Amino acid sequence: MIRRWFGLLLLCVAIPALAQDNRDIDAVSRSVVRVVVVSGGEEGSEVGMGSGVAVTPNQILTNAHVVESAVKGDGFVGIVPSEGTRRYEGKVVAYRADLDLAVVDIGTGRIPPATLYSGIMPDGASVAAIGYPYGVDRALAGSMDTVVTPQSPVKSLGHVAGRRSNARFDTVLHDAAIGRGNSGGPLVDACGRVVGINSFLSLSEGIDSTFAFAISVRELAPFLQKAGVAAALVATPCLSESEAGARDAALTKSDEDAAALEARRGAADAAKAAQEKLTIRDQISGERENGMAIAAVLLVFGALALAGAGVSQMEKHNRLAIIAAIIGVALILASVIVFLGRPKFSDVEDRYATNHPVVIKVADTAVSAAGQNICTLVPDRSRVTVSKTDDVPLDWQDNGCVNGKTQYGANAGTWSRAFVPNTEPTITVQTFDPAKRRYIVERYLMAADAMDAARAIRARYPANGCETDPAARQSVSDMQTAIRQTLPTTPNERLVFDCRAGPKP
């Protein structure tokens with residue numbers, strides 16, 4: 001707040017831009033608010049201003065020194081969001097002067113919450129300080145009405161200059177330009193996750209570079225937990241869109257190369273199998289010819305034996321005639337058996353299968369994705385910014401019904417559904433590819449006007465549950481197409497899951 005800054009920013013220097021576009025920074029700006037504190041005094045009301053960031057829909061994290069006069073006196077705390085038309089009266093529900101942290105509750109108000117990043121911020125990492133520096137308001141000659149009107153916060157880009165701890169708390173040292181009024185505002189990484197709360201500046205005395213200190217998440221997380229504030233916390237390192245895209249492209253190429261290699265192996269195996277079957281056919285042909293020759297020989301000897309039996313009968317050698325007749329009949333029967341028992345050309349496949357027994361692989365048994373699935377995140381294909389990465393259960397049916405209640409729309413072999421909630425300013429597109437058993441969740445953190453446009457589109461379509469009517473399923477597909485046309489070209493977050501058959505409920 002105005003009275004408690006440790007130093008003043010005297011010189012603004014050019015800072016290189018973040019190594020990605022700033023849509024994630026724009027998105028987290030929705031969570032940043034102006035904190036206005038009005039307190040009474042001997043000379044009348046005194047107005048102080050700082051910044052804050054929503055960590056739940058109705059709880060604002062800021063500096064303790066921003067709301068100090070409201071805590072120690074009879075001050076009034078006002079919260080001015082960055083979007084919309086509403087303003088909220090706040091109540092300080094957690095306060096630690098030694099950590100310079102406080103939480104302000106806005107009751108039934110709702111502001112899109114930011115996510116905290118608990119991982120390590122390396123030196124040189126890109127960051128942005130977001131808030132409402134008083135110097136900007138003064139330069140624009142804004143009145144008090146202007147100050148308490150929702151407006152976008154100021155974003156300044158910089159880099160982590162190191163990690164510093166003092167007797168009070170752990171801080172992130174950075175060179176993003178800030179000024180009075182930034183107190184309590186967030187320092188965020190390139191993915192828009194909060195890595196600190198800006199608290200104070202170094203004293204430059206006009207000759208040294210000015211550095212800023214943000215209270216680190218190492219202090220924020222336990223403070224919020226002890227205060228009973230359920231803030232979202234992730235530890236996944238930030239990847240730029242280009243980095244995430246390059247990783248996914250490399251994996252896709254690897255998959256394509258593996259598929260091409262498998263195809264070449266399959267073609268070679270097919271050619272080898274065809275040659276082996278041709279050899280088996282030649283063997284069968286030879287065996288058939290041998291069988292016919294043997295059958296012919298047996299038939300001739302059988303006929304001779306029967307002829308001998310007839311001669312013996314005529315000469316009254318009855319015993320010899322019977323023996324010869326039996327032998328003749330047996331040889332003729334043997335001839336028939338040998339002839340009929342010749343191998344058939346249709347035996348080629350059976351003999352080949354006997355020589356090459358089929359080995360059933362576990363993966364080959366999953367011929368259908370229908371039923372219960374457990375989907376696990378593939379980190380190298382994903383860009384995680386605000387979400388947890390737990391396994392996701394997915395009950396899939398071949399008609400696009402998910403979890404027995406949500407109808408997805410078909411699109412060139414994949415199925416998808418766009419979710420446009422009434423309160424949360426985030427559009428989520430979920431896609432499932434049954435052939436690959438791949439589940440993708442894309443989140444778009446939208447501005448208020450863009451959300452209103454998407455909600456208007458959604459309202460034109462019926463709220464479809466699982467449908468058996470093809471026309472109703474087509475309606476879902478049409479809705480997806482219409483909503484996607486309102487979205488940016490790339491999402492703020494893209495989670496890719498590979499799914500496997502899961503246990504039956």
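These legends describe close-up views of a predicted model.

**View 1. Confidence along the chain.**
The average pLDDT of the chain is 83. A score of at least 70 is reached by 85% of the residues. Over residues 1–20, pLDDT stays under 50. The model still gives this stretch 59 contacts beyond four places in sequence. Residues 362–366 also stay under 50. Here the model has two contacts beyond four places in sequence. Where pLDDT is low, the predicted coordinates should not be read in detail.

**View 2. The disulfide of cysteine 191 and cysteine 238.**
The structure holds three disulfides. One of them joins cysteine 191 to cysteine 238, with an S to S distance of 2.0 Å. The link is right-handed, with 85° about the S-S bond. Cysteine 191 sits in the loop between strand E11 (186–189) and strand E12 (194–201), and cysteine 238 in the loop between strand E14 (232–234) and helix H6 (241–314), so the bond ties together parts 47 residues apart in sequence. Cysteine 191 is buried, at 3% relative accessibility. Cysteine 238 is partly exposed, at 24%.

**View 3. The disulfide of cysteine 375 and cysteine 499.**
The sulfur atoms of cysteine 375 and cysteine 499 are 2.0 Å apart and form a disulfide. With 100° about the S-S bond, this link is right-handed. Cysteine 375 belongs to strand E15 (residues 371–377) and cysteine 499 to strand E23 (residues 493–501), so the pair ties together parts that are 124 residues apart in sequence. Cysteine 375 is buried, with a relative accessible area of 0%. Cysteine 499 is buried, with 10%.

**View 4. The disulfide of cysteine 401 and cysteine 466.**
Cysteine 401 and cysteine 466 form a disulfide, with 2.0 Å between the sulfur atoms. The S-S torsion is about 75°, so the disulfide is right-handed. The pair links distant parts of the chain, 65 residues apart. Cysteine 401 is in strand E17 (residues 401–402). Cysteine 466 is in the loop between helix H9 (448–459) and helix H10 (470–484). Cysteine 466 has 31% and is partly exposed. Counting bonded cysteines along the chain, the disulfides follow the pattern 1-2, 3-6, 4-5.

**View 5. The salt bridge of glutamate 349 and lysine 277.**
The count of salt bridges comes to 12. In one of these, the side chains of glutamate 349 and lysine 277 meet at 3.1 Å, N to O. Glutamate 349 lies in helix H8 (residues 347–355) and lysine 277 in helix H6, so the pair ties together parts 72 residues apart in sequence. Glutamate 349 is partly exposed, at 44% relative accessibility. Lysine 277 is partly exposed, at 23%.

Glutamate 442 forms a salt bridge with arginine 484. Their closest N and O atoms are 4.0 Å apart. This pair links distant parts of the chain, 42 residues apart: glutamate 442 in strand E22 and arginine 484 in helix H10. Glutamate 442 counts as buried, at 12% relative accessibility. Arginine 484 is partly exposed, with 34%. Glu442, Arg484 and Arg494 are linked in a network of salt bridges.

Arginine 455 and aspartate 452 meet through their side chains in a salt bridge (3.5 Å, N to O). Both residues lie in helix H9. They are three residues apart, about one turn of the helix. Arginine 455 is buried, at 17% relative accessibility. Aspartate 452 is partly exposed, with 47%.

**View 6. A nonpolar surface patch.**
Met292, Val336, Phe339 and Leu340 form a nonpolar patch on the surface. Together they have about 380 Å² of accessible area. Helix H7 (residues 318–340) supplies the largest share of the patch, three residues. Phenylalanine 339 is found in helix H7. Its relative accessible area is 37%, so phenylalanine 339 is partly exposed.

**View 7. Lysine 436 in its loop.**
Lysine 436 is placed in the loop between strand E21 (426–433) and strand E22 (438–445). Lysine 436 is exposed, at 57% relative accessibility. Aspartate 498 is 62 residues away from lysine 436 in sequence. In space the two are 8.1 Å apart, C-alpha to C-alpha.

Methods: Residues numbered from 1 in each chain as written. Predicted model: local features only at pLDDT ≥ 70, side-chain atom pairs only at ≥ 80, totals over all residues. Heavy atoms only, no water. pLDDT = per-residue confidence, 0-100. Contact = heavy atoms within 4.5 Å. Patch = residues over 30% accessible without salt bridge, like charges linked within 9 Å, V, L, I, M, F, W, Y side chains within 5 Å. Areas by Shrake-Rupley, 256 points an atom, 1.4 Å probe, with all protein chains shown as cover. Helix = DSSP H or I, 4+ residues; strand = E, 2+ residues; numbered from the N terminus. Buried < 20%, exposed > 50% of the residue type's maximum accessible area, 1.4 Å probe, protein only. Disulfide = S-S within 2.5 Å.
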